[in-house]
Amino acid sequence: MGRRSSYLAIVIFPDESTVFQAYRLLHYHGISPEHLAIVGQGYSSPERVGLMNPVQIIIRKAFVYAIGAGAIGAIVAGITVLIGRLEQDIAHIMIITSLLSVVTGSAVGAVLGLLGEGTAASIYRHHLRQGRYLLMMEGSENLVRWGQEVLGYYSAPSPH
């Protein structure tokens with residue numbers, strides 16, 4: 001596996017003025033607006049920046065896993081039939097194995113979608129429904145780290 005080409009950081013802000021100040025601060029520190037997006041009332045919508053609805057994520061994951069598991073199930077059934085030299089009910093064996101694989105794959109995909117991306121998307125959408133704003137930063141690993149450092153430095157509580 002290679003390295004990812006794009007990284008993403010999402011920061012939640014309580015109101016419009018705070019998120020806009022953070023946006024301007026990042027721009028001031030050299031992060032181009034093409035790497036930033038504000039999501040919330042009056043700005044980009046979650047769909048526009050690719051923040052899918054959790055149900056869509058779950059369905060998509062379930063579908064992808066169902067197709068993959070169904071294909072694997074059909075291959076395993078075919079190999080079993082060839083090795084075992086089963087002549088009776090070959091079609092039934094392949095159909096049942098493939099269907100069981102599809103059901104299992106879709107269940108696994110749905111659970112992974114729910115516990116993974118679906119949960120994160122649900123949390124971000126909850127904040128948006130509460131009137132909060134998201135500042136999304138996407139780019140190279142160094143750019144995203146730099147942005148997080150800038151925001152962390154300016155948002156750290158003062159020791160005095």
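The dialogue below goes through the helices, strands and cores of a predicted model.

User: What should I know before reading the values?

Analyst: This is a predicted model, in which local features need pLDDT of at least 70, side-chain atom pairs count only at pLDDT 80 or more, and totals for chains, interfaces and linings use all residues. Residues are numbered from 1 along each chain as its sequence is written, and side-chain values use heavy atoms, with hydrogens and water left out.

User: Which residues of H1 are buried?

Analyst: An α-helix has 3.6 residues a turn, so residues three or four places apart point the same way. Buried means under 20% relative accessible area, exposed over 50%, and partly exposed in between (1.4 Å probe, protein chains only). In H1 the buried residues are Val-19, Ala-22, Tyr-23, Leu-25 and Leu-26. They cover an arc of only 165 degrees around the axis, which puts them on the same side of H1; the arc is that of the directions from the helix axis to the C-beta atoms. Gln-21, Arg-24 and Tyr-28 are exposed, on the face turned away from the buried side. Just after H1, Gly-30 has a positive phi of about 95 degrees.

User: What caps the N-terminal end of H2, and what covers its buried residues?

Analyst: Asn-53 is the cap: one of its side-chain oxygens lies 3.1 Å from the backbone nitrogen of Val-55. The buried residues of H2 include Pro-54, Ile-57, Gly-70 and Val-81. Helix H3 (90–129) is among the elements that cover them.

User: Which way do the residues of strand E2 point?

Analyst: In a regular strand the side chains alternate between the two faces of the sheet. In E2, Leu-36 and Ile-38 point one way, Ala-37 and Val-39 the other, and all are buried. E2 and E3 run antiparallel and are joined by four bridges; two strands pair if DSSP finds at least two bridges between them. Leu-36 stands opposite Met-137 in E3.

User: Which residues have the most contacts inside the largest nonpolar core?

Analyst: In soluble globular proteins, nonpolar side chains tend to be buried together. A nonpolar core is a set of buried Ala, Val, Leu, Ile, Met, Phe, Trp, Tyr and Cys residues joined through side-chain atoms within 4.5 Å. The largest one has 18 residues, and Leu-26, Leu-135 and Met-137 have the most contacts inside it. Strand E1 (7–13), H1, E2, strand E3 (133–139) and helix H4 (141–155) each supply at least two of its residues. H1 gives the largest share, five residues. A second, separate core of nine residues includes Tyr-124, Leu-128, Leu-134 and Met-136.

User: Is Tyr-7 buried or exposed, and what does Tyr-7 touch?

Analyst: Tyr-7, in strand E1, is buried, with a relative accessible area of 17%. Contact means heavy atoms within 4.5 Å. Not counting residues up to four places away in sequence, Tyr-7 touches Met-137, Glu-138, Gly-139, Ser-140, Glu-141 and Val-144. Tyr-7 and Glu-138 are 131 residues apart in sequence but 5.5 Å apart in space, C-alpha to C-alpha.

Definitions and conventions: Polar contact = N/O pair within 3.5 Å; in protein donor to acceptor, adjacent residues only side chain to side chain.
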